[in-house]
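Hello,

Here is the model we talked about. Please have a look, then read my notes below.

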Amino acid sequence: MADSDRPNSHEDCRRRSHGVSPPADLRFEPPLEVVKYPDPILRARNKRINTFDANLRALADEMFDVMYKTDGIGLSAPQVGVNVQLMVFNPAGVKGEGEEIVLVNPVVYKSGKRSLVFEEGCLSFPGIYANVVRPESVKIEAQDVTGAKIKVKLSGLPARVFQHEFDHLLGLITTLLILFGDLQGILFFDRMTMDVLETVREELKNLEKKYEERTGLTSPETVENYQGTKDVFSFSR
Ligand SMILES: CSCC[C@H](NC=O)C(=O)N[C@@H](C)C(=O)N[C@@H](CO)C(=O)O
Ligand SMILES: [Fe+2]
């Protein structure tokens with residue numbers, strides 16, 4: 001056996017530290033497609049990212065491509081089938097305009113006291129728009145695509161998009177709630193008031209039906225008798 005092929009040889013360590021083969025969590029096959037509700041991928045746990053390499057940059061670039069192609073202004077990694085804590089967004093929604101932001105392992109450490117209602121849509125719920133109340137601003141910490149620390153206050157549309165994507169990824173407090181309950185990743189309808197939820201319930205049921213027809217599986221969740229989780233989360237952010 002050549003020296004370089006031995007496990008833990010210098011070459012083996014170099015390969016690992018240079019991330020020649022990306023970690024299993026971060027592997028993806030382009031072209032990526034948006035995962036639609038009620039696919040269980042959207043409710044699965046998203047792992048922290050520890051490898052900041054060319055593969056991660058390629059994943060972020062692919063996500064921007066998908067986001068622009070589908071008329072999005074933000075996208076989280078689980079929405080393209082990769083369960084890691086990564087989001088991309090550009091509130092301008094057009095390639096070459098506005099600012100492209102990539103956030104890795106984001107955490108909210110403070111939410112503004114003022115809340116606003118905004119009509120949100122989600123790429124995983126095609127054509128469905130409804131009002132969601134969220135804090136107007138958030139102070140966040142994250143890493144960029146190179147692993148450098150970012151600490152910033154977001155307000156207005158960037159804060160809105162960030163919070164929408166952050167819900168897909170799960171924050172620390174949400175993760176704690178999950179330990180005590182049965183909830184996985186948060187989707188925008190989880191945050192709607194019951195009145196608002198009623199306005200989209202039939203459309204959500206249609207998505208569940210389409211999923212069952214497409215996959216031949218029973219929908220992993222149903223809004224038929226869903227009463228909302230707003231009370232569970234009202235103190236968390
Ligand atoms: C307001 S936060 C919405 C973020 C969402 N990201 C992923 O699901 C998203 O991009 N949703 C789109 C449906 C969206 O908001 N698109 C814009 C631009 O076309 C819109 O105004 O509909
Ligand atoms: Fe979404």
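The expected span of a helix is 1.5 Å times one less than its number of residues. Helices here are DSSP runs of H or I of at least four residues, strands are E runs of at least two, and both are numbered from the N terminus. This is a predicted model, where local features need pLDDT of at least 70, side-chain atom pairs count only at pLDDT 80 or more, and totals for chains, interfaces and linings use all residues. Residues are numbered from 1 along each chain as its sequence is written, chains are lettered from A and ligands numbered from 1 in the order written, and side-chain values use heavy atoms, without hydrogens and water.

**Helix α5**

Helix α5 (residues 194-215) has 22 residues. It reaches 29 Å from first C-alpha to last, close to the 32 Å expected. Just after α5, G216 has a positive phi of about 75 degrees.

**Iron site**

C122 (SG), H164 (NE2) and H168 (NE2) coordinate the iron ion (ligand 2) at 2.1 to 2.2 Å. Donors are N, O and S atoms within 2.8 Å of the metal (3.2 Å for Na, K and Ca); water is not among the atoms, so sites may look incomplete. The site is tetrahedral, with 92 to 130 degrees among its 4 donor atoms; the cut-off for four donors is all angles between 85 and 135 degrees. The donor spacing in sequence is C-x41-H-x3-H. H164 and H168 are about one helical turn apart, because they lie 4 residues apart in helix α3 (residues 156-169). Both histidines, H164 and H168, are buried.

Best wishes

Conventions:
Four donors count as tetrahedral if all angles lie between 85 and 135 degrees; four count as square planar and six as octahedral if opposite donors are over 155 degrees apart and all others between 65 and 115; anything else is irregular. Buried means under 20% relative accessible area, exposed over 50%, partly exposed in between (1.4 Å probe, protein chains only).
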